[in-house]
Amino acid sequence: MKIHNFSAGPCILPQDVFQQASKAVLDFNGLSILEISHRSKDFVAVMEKAQSLALEHLGLTNKGYKALFLGGGASMQFLMTAYNLLEKKAAYLNTGTWSDKAIKEAKAFGDIIEVASSKDANYNFIPKDYQVPTDADYFHITSNNTIFGTQLKTVPQVNIPLVCDMSSDIFSRQLDFTKFDLIYAGAQKNMGPAGATLVIVKEDLLGKVTRHIPSMLNYQTHISKDSMFNTPPVFPIYVSMLTLEWLKNNGGIDAIEKANNEKAALIYGEIDRNELFQGFAAVEDRSNMNATFSLKDEAHKEAFDNLWNAANISGLNGHRSVGGYRASMYNALPLESVQVLVDVMKELEKKA
Ligand code: PMP
């Protein structure tokens with residue numbers, strides 16, 4: 001029975017990756033991937049491949065960047081970025097719950113200038129008119145706001161280092177990634193299972209703060225040990241490598257971006273056409289990864305919920321801070337699943 005998985009993360013990954021990953025649990029190199037040493041030759045090769053594929057997909061090979069696979073989730077990066085980069089003051093764009101949490105963590109390390117916020121509008125848009133102080137140590141943005149379904153469509157032009165939480169849209173679209181000095185992303189959307197966090201950092205950004213940084217929280221420690229300072233999350237990194245290979249074999253970011261645009265056009269087209277529904281996010285800021293919407297009249301809720309459940313759709317309920325529905329359409333979600341959802345929305349219209 002096929003289940004259409006619209007979950008916000010952890011989420012759907014390519015079926016091929018599930019097949020290969022499960023094979024490796026039983027037999028990776030004679031041993032299970034779960035029982036080999038992270039320092040074994042075969043795993044070192046996995047780590048190197050995952051790092052080089054991540055940089056290659058983003059067009060950052062040989063451009064002074066390092067790719068690290070760390071533990072602690074994207075949430076750890078809220079504090080690690082500040083620990084490593086914030087000397088006096090930093091600028092943040094507050095576009096959602098995750099930006100807000102990043103700001104909260106960074107406040108322990110210096111002055112935080114919130115250049116703009118859409119908090120008062122429950123983050124249903126991306127603020128655009130703001131000034132970034134030129135003397136800040138860095139500017140932090142969140143490229144895709146998973147909960148609210150908004151996405152930055154362009155990379156802000158700044159003349160200070162740009163730090164980006166790309167957890168929920170990394171590897172989904174082309175951007176000029178050289179404009180970023182540090183990118184971080186929890187694996188559990190477009191890259192792999194929960195448990196690994198990708199950090200891509202421009203090396204010349206580091207070593208500029210005067211405070212002592214504990215070894216485990218210091219990017220330079222992890223760079224100097226090629227992401228093997230301590231035992232890295234071996235299996236999540238292996239599955240991330242498989243997903244990055246899958247992406248490469250399927251035409252890379254260029255091809256996946258086209259597919260993602262098609263999926264987004266299909267769902268937003270129906271949200272706008274169907275009188276029973278309304279979108280949550282400002283149209284120009286709509287995320288291609290997470291489409292947030294609701295019924296205009298809650299009286300249809302039971303009928304709609306029954307219909308999508310009967311269609312084997314899973315993970316469609318909105319986050320509690322937004323309500324309604326959220327269709328997360330990460331790289332591995334096929335267009336066919338979005339079509340099933342759209343058909344259900346049309347069926348509700350016929351019945352209403
Ligand atoms: N940033 C964004 C944009 C997210 O969507 C999430 C989690 N969904 C996080 C940060 C936090 O990630 P983690 O749970 O890996 O700490």
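Trainee: Over residues 3–341, what percentage of the chain is helix and what percentage is strand?

Mentor: This is a predicted model, in which local features need pLDDT of at least 70 and side-chain atom pairs count only at pLDDT 80 or more, while totals for chains, interfaces and linings use all residues. Residues are numbered from 1 along each chain as its sequence is written. UniProt, in an unreviewed entry, places the feature "domain: Aminotransferase class V" at residues 3–341; its positions are given in the numbering used here, feature names are shortened, and annotations may be inferred rather than shown by experiment. With helices (H or I, at least four residues) and strands (E, at least two) taken as DSSP runs numbered from the N terminus, the chain over residues 3–341 is 33% helix and 17% strand.

Trainee: How many residues does each domain bring to the contact between domain 1 and domain 2?

Mentor: By an automatic or database domain assignment, the chain is divided into domain 1 (16–249) and domain 2 (253–351). Their centres, taken over C-alpha atoms, are separated by 28 Å. Counting residues as in contact if their C-beta atoms, placed from the backbone, lie within 7 Å, the contact takes 22 residues from domain 1 and 22 residues from domain 2.

Trainee: Which strands each supply at least two residues of the side of domain 1 that touches domain 2?

Mentor: By class, this side of domain 1 has 6 nonpolar, 13 polar and 3 charged residues. Here Ala, Val, Leu, Ile, Met, Phe, Trp, Tyr, Cys and Pro count as nonpolar, Asp, Glu, Lys and Arg as charged, and the others, Gly among them, as polar. The strands in question are strand 6 (144–145) and strand 7 (150–151).

Trainee: Is Asp165 buried or exposed?

Mentor: UniProt lists Asp165 under "binding site" in an unreviewed entry, and this residue is found in strand 8 (residues 162–165). Leaving aside neighbours within four places in sequence, Asp165 is in contact with residues including Ala74, Trp98 and Thr142. The classes are buried for 20 or more other C-beta atoms within 10 Å of a residue's own, exposed for 12 or fewer, and partly exposed in between, with C-beta atoms placed from the backbone. Because Asp165 has 30 C-beta neighbours inside 10 Å, it counts as buried.

Trainee: What class does Asn230 fall into by its C-beta neighbours?

Mentor: Asn230 is also among the residues that UniProt lists for "binding site". Asn230 lies in the loop between helix 5 (219–224) and helix 6 (234–249). Because Asn230 has 13 C-beta neighbours inside 10 Å, it counts as partly exposed.

Key: Contact = placed C-beta atoms within 7 Å.
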